[in-house]
Structure formats: structure tokens, C-alpha cells
Amino acid sequence: MSDTPERTSATAEAPHHDDVESYGGGDVQARHGRVDYWLMLVYLIMWLWALYYGITYWGGLGPGLDY
């Protein structure tokens, strides 16, 4: 399996975001894309929850384990 990607595009003048990178002899292909807004919202909610949980339960053995 090769570590360096092979770049292919439909035309020689294709923009960078249309390039396809092939790994593993063409078994795996990667394209440049964008992260959807709903996924960014999920990341934000999870980060805020982790921040809340870290502040609320900082230290000790954890909830229900304080004996």
C-alpha cells in the first residue's frame, strides 16, 4: 500500500476541490469537501456539554462514588 496519494482529476484544468486522491491502489478515495452546518452544531453542543460536565464534576471519584 502506498503512503503517497495519487491525484486524478477529470481535466487538467480542474480546480483543486475537484481533485480525487486515491489510496491503497484505488480502493480508498478522498475528495475535498466541506463540513455540514449540522455537524458543526453537533461538535459545538458536544464541546459545551464536555465543558459543563468538566466544571460540574471536577475532582473526586465521580458521581455516586464518593465513599
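The legends below describe several close-up views of one predicted protein chain.

Residues are numbered from 1 along each chain as its sequence is written, and because the model is predicted, local features need pLDDT of at least 70 and side-chain atom pairs count only at pLDDT 80 or more, whereas totals for chains, interfaces and linings use all residues. Side-chain values rest on heavy atoms, with hydrogens and water left out.

**View 1. Overall arrangement of the protein chain.** The protein chain contains 1 helix and 3 strands, which follow one another from the N terminus in the order β-β-β-α; helices (H or I, at least four residues) and strands (E, at least two) are DSSP runs, numbered from the N terminus. Of its 67 residues, 6% count as buried, where buried means under 20% relative accessible area, exposed over 50%, and partly exposed in between (1.4 Å probe, protein chains only). The accessible surface comes to about 6,300 Å², 62% of it belonging to carbon and sulfur atoms, with areas taken from the Shrake-Rupley method with a 1.4 Å probe and, for residues, only the protein chains shown counting as cover. Among contacts (heavy atoms within 4.5 Å) with a separation of 6 or more, 3% are between residues 24 or more positions apart.

**View 2. The hairpin of β2 and β3.** Strand β2 (residues 20-23) and strand β3 (residues 28-31) run antiparallel and are joined by 4 bridges, two strands being paired if DSSP finds at least two bridges between them. The hairpin has 4 residues between its strands, and G24 in the turn has a positive phi of about 65°. V20 stands opposite R31 in β3, and E21 stands opposite A30 in β3.

**View 3. E21 and its polar contact.** E21, in strand β2, is buried, with a relative accessible area of 10%. Its side chain makes a polar contact with the side chain of Y23 at 2.9 Å; such a contact is a pair of N or O atoms within 3.5 Å, and within protein one must be able to donate a hydrogen and the other to accept it, while residues adjacent in sequence count only if both atoms are side-chain atoms.

**View 4. The salt bridge of D36 and R34.** The side chains of D36 and R34 meet in a salt bridge at 2.9 Å, N to O, the term meaning a side-chain nitrogen of Lys or Arg within 4 Å of a carboxyl oxygen of Asp or Glu. By this rule the count comes to 1 salt bridge. D36 is partly exposed at 30% relative accessibility, whereas R34 is exposed, with a relative accessible area of 65%.

**View 5. The nonpolar patch and W49.** V35, W38, M40, V42, Y43, M46, W49, Y52, Y53 and Y57 form a nonpolar patch on the surface, with about 1,100 Å² of accessible area together. Patches are made of residues with over 30% relative accessible area and no salt bridge, like charges being joined within 9 Å and nonpolar side chains (Val, Leu, Ile, Met, Phe, Trp, Tyr) within 5 Å. W49 lies in helix α1 (residues 37-56) and is partly exposed, with a relative accessible area of 49%.
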